[in-house]
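Please look at the sequence and the structure shown here, and then read the briefing that follows, which is grouped by topic.

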Amino acid sequence: MHIVVCMKQVPDSAQIRVHPVTNTIMRQGVPTIINPYDLFALEEAMRLRDRFGGEVTVLTMGPPMAEDSLRKALTFGADRAVLLTDRFFAGSDTLATSYALAGALAKIGEEFGKPSIVFTGKQTIDGDTAQVGPGIAKRLRLNQLTYVARIAELDLAAEEITVERRAEGGVQVLSTRLPVLVTMLEGTNEMRRGTLEDAFRAARTQVVTWSAADAGITDLTKCGLRGSPTIVKKVFAPSARAEKAHQIPTADLSFEALAEAVMGEIFARQPAIEGDLMRFSSGQ
Amino acid sequence: MIKERFDAIVVGAGPSGNAAAYTMAKEGLKVLQLERGEYPGSKNVQGAILYANALEKIIPDFREDAPLERHIIEQRLWTMDDASHVGMHYRSEDFNEEKPNRYTIIRAQFDKWFSRKVREAGVTLLCETTVTQLLRDTNGKIIGVRTDRGGGTAFADVVILGEGVNGLVGQRSGLRPELNPDSVALAVKEMHFLPREVIESRFNLKGNEGVVIEAMGTITAGMTGTGFLYTNQESISVGIGCIVSDFADNGTSPYALLEALKNHPSIKPLLANSECKEYAAHLIPEGGYYSIPELYGDGWLVVGDAGQFVNAVHREGSNLAMTTGRIAGETVVWLKRRRDEMSKANLAEYKRRLDETFVMKDLRKYKKIPDFLHGNKQVFGLYPKLFTDAAQTWFRVDGTDKRTKENEIFKSFRKGRTLPGLIGDAFKLARAWR
């Protein structure tokens with residue numbers, strides 16, 4: 001069984017700083033890490049490989065330095081790493097990224113065997129959109145299972161997978177047919193420590209590096225900034241509000257009076273809410 | 001188990017380990033390097049100053065792509081009391097040379113660069129891999145290492161320990177004693193972010209020129225130690241360190257000393273409006289010549305901080321590390337070429353070669369200094385105060401005639417330390433310095 005894990009190298013958000021003067025994000029010197037959610041996807045993929053046999057390929061799109069993340073994934077125990085890197089991809093939003101990754105996944109299928117499962121993390125910590133995984137699934141016509149908390153069953157003979165998906169108000173148990181795209185939730189497993197042999201392989205394996213052309217991606221208008229309808233107009237650090245929180249002394253108030261006071265304060269500031277509430281409570 | 005056999009295993013990817021690994025790989029040896037940090041430099045802390053000469057002997061054209069901050073054109077040596085400092089400054093246009101002699105560097109970046117060179121030379125580097133034990137054959141010869149990774153043993157003809165000041169692997173394997181708190185300093189430092197232009201105007205610099213301040217005095221609260229301030233391109237490194245046993249006796253915490261140093265009226269304006277970007281702490285082996293452990297044995301060599309190779313008087317360490325690493329590497333290459341065994345008798349060549357370098361010559365020259373400084377705390381408390389008071393008496397114009405001022409200064413020295421005390425200190429220092 002061939003499993004591909006799509007991952008992203010992201011700035012370590014715990015160490016990002018905002019420039020004291022210009023208020024812009026200082027990227028210089030900020031260490032990069034593998035998007036933490038992707039690690040759950042990678043570990044889950046390796047567990048399936050260990051149980052059912054096969055190979056795990058990790059795929060990332062990014063600048064040449066993203067190779068560090070791939071090498072790290074190899075150290076954890078992935079079998080193969082593919083880096084999709086090209087200046088045409090610079091400035092990609094989620095639409096263009098899913099286009100490029102879908103192209104690379106098709107190429108990976110031709111070169112190294114068609115993947116039965118494509119994993120991604122539930123989202124990245126820098127973009128936070130959770131759109132790329134579903135985007136890939138749509139483009140490659142894969143069934144998709146998002147926010148998966150557990151792989152309950154995998155039947156390779158019947159080409160069926162059953163998962164537990166965390167949803168509001170409970171857990172959904174879903175089954176579908178392979179090939180499938182799975183986005184993994186955090187906390188579902190714990191990344192292993194690779195063996196010395198894994199470390200050796202990581203130090204010595206050549207990372208497969210593809211340009212757009214190498215990956216067979218021909219329509220460059222769908223790539224990078226050109227293929228990205230999203231426009232980042234401004235990045236800024238929110239400043240503290242001048243207005244202080246208003247405190248309501250509660251000591252002498254009954255519960256009713258307290259509720260009255262709080263609602264009064266809210267309605268005074270947000271008059272629209274009062275109208276909505278009234279309509280709601282009168283059932284209109 | 002890794003079945004592959006290596007010519008050498010290097011433990012650690014700091015300056016000494018990198019120098020050793022690079023030197024051997026360049027000569028075609030098969031080298032495995034093991035580093036416990038996430039990446040080379042992630043565990044390393046230094047002020048930091050790079051002395052070009054030691055690196056030039058390993059990578060002659062390092063200036064082309066090494067991440068260097070500023071080349072040093074001005075050295076300030078300060079003696080401080082709580083309110084003032086007396087300083088000796090040396091600044092020279094001669095330091096604006098084509099191949100500058102000293103640079104400030106940021107170790108996390110520099111070590112990454114050095115490691116890249118090492119890997120390009122053909123070394124297999126494994127990070128996040130801690131050596132837990134040295135493996136011996138039945139004769140007691142070191143033949144490999146055990147690591148904390150699954151299936152984790154690897155074998156080689158020789159193991160070079162560039163594992164840093166703590167020397168835990170050597171200690172666990174009985175090659176060296178535990179660190180002595182009298183011969184190791186604990187230093188803390190902070191990196192303060194400031195715009196380039198601000199640093200340049202504050203320190204009277206242009207381009208990549210840099211300033212180094214080394215300071216001693218009441219800033220160490222009577223303990224044996226020094227403080228420092230180095231200019232980087234867009235940050236200032238400021239730190240202070242004292243002997244560990246002094247901290248224990250004194251009950252002062254390192255960060256309290258650093259806080260006081262940063263708020264000293266001579267330092268505070270230099271750091272004004274800066275943003276602290278990171279803080280770090282590290283041990284520095286400062287025991288000098290007498291604290292050097294066994295440096296070689298059957299199948300093993302010790303390089304860098306693990307061999308206590310630091311010249312505390314001149315604040316030199318990384319150059320000693322690189323030099324000992326290079327010479328260890330050269331020795332192994334030499335033995336390999338002669339098809340000699342990596343036995344204790346043959347590896348003694350390493351020590352013989354080291355004896356011919358500035359490393360052992362300087363450490364031997366200053367062998368009595370650590371004891372002198374440890375046993376004569378007046379150097380760090382009383383004398384700085386006497387010097388700064390004398391300077392104030394001398395420079396303040398208040399109607400007192402100069403002869404009276406001179407007498408006041410002499411009297412303060414006699415009263416502070418007595419005449420025999422002064423003569424004794426001068427004599428002891430001269431003897432230790434010789």
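In chain A, helix 2 (residues 67–76) packs against helix 5 (residues 196–204) at an angle of about 155°, and the axes of the two helices are 7 Å apart. Because angles over 145 degrees count as roughly antiparallel, helix 2 of chain A is described as roughly antiparallel to helix 5 of chain A. The model is a predicted one, and the points below keep to what was computed from it.

**Helix 2 and helix 5 of chain A**

- Where helix 2 of chain A crosses helix 5 of chain A, the crossing is right-handed.
- On the side of helix 2 of chain A, the residues that take part are A:Arg71, A:Leu74, A:Thr75 and A:Phe76, and they meet A:Asp198, A:Ala199, A:Arg201 and A:Ala202 of helix 5 of chain A.
- Sorted by class, the residues in this contact of helix 2 with helix 5 of chain A comprise four nonpolar, one polar and three charged.

**Helix 1 and helix 3 of chain B**

- In chain B, helix 1 (residues 15–26) and helix 3 (residues 107–120) pack at an angle of about 25°, with 9 Å between their axes.
- Since angles under 35 degrees count as roughly parallel, helix 1 of chain B and helix 3 of chain B are therefore roughly parallel to each other.
- The crossing in which helix 1 of chain B passes helix 3 of chain B is left-handed.
- Helix 1 of chain B contributes B:Asn18, B:Ala21, B:Tyr22 and B:Ala25 to the contact, while helix 3 of chain B contributes B:Phe114, B:Ser115, B:Lys117 and B:Val118.
- By class, the contact of helix 1 with helix 3 of chain B has five nonpolar residues, two polar residues and one charged residue.

**Chain A as a whole**

- Chain A contains seven helices and 13 strands.
- The C-alpha trace of chain A spans about 70 × 50 × 40 Å along its principal axes.
- Of the 284 residues in chain A, 36% are buried.
- When contacts in chain A between residues at least 6 apart in sequence are considered, 69% of them join residues at least 24 apart.

**Where chain A touches chain B**

- Ten residues from chain A and eleven residues from chain B take part in the contact.
- The side of chain A that touches chain B is made up, by class, of five nonpolar, two polar and three charged residues.

Technical notes:
Residues are numbered from 1 along each chain as its sequence is written. Chains are lettered from A and ligands numbered from 1 in the order in which they are written. This is a predicted model: local features need pLDDT of at least 70, side-chain atom pairs count only at pLDDT 80 or more; totals for chains, interfaces and linings use all residues. Two residues are in contact if their C-beta atoms, placed from the backbone, lie within 7 Å. Ala, Val, Leu, Ile, Met, Phe, Trp, Tyr, Cys and Pro count as nonpolar, Asp, Glu, Lys and Arg as charged, and the others, Gly among them, as polar. Helices (H or I, at least four residues) and strands (E, at least two) are DSSP runs, numbered from the N terminus. A residue is buried if 20 or more other C-beta atoms lie within 10 Å of its own, exposed if 12 or fewer, and partly exposed in between; C-beta atoms are placed from the backbone. Axes are lines fitted to C-alpha atoms, for helices over the stretch in contact, and angles run from 0 to 180 degrees between N-to-C directions. Angles under 35 degrees count as roughly parallel, over 145 as roughly antiparallel, 65 to 115 as roughly perpendicular and the rest as oblique. A crossing is left-handed if the near helix is turned anticlockwise from the far one by less than a right angle, and right-handed if clockwise.
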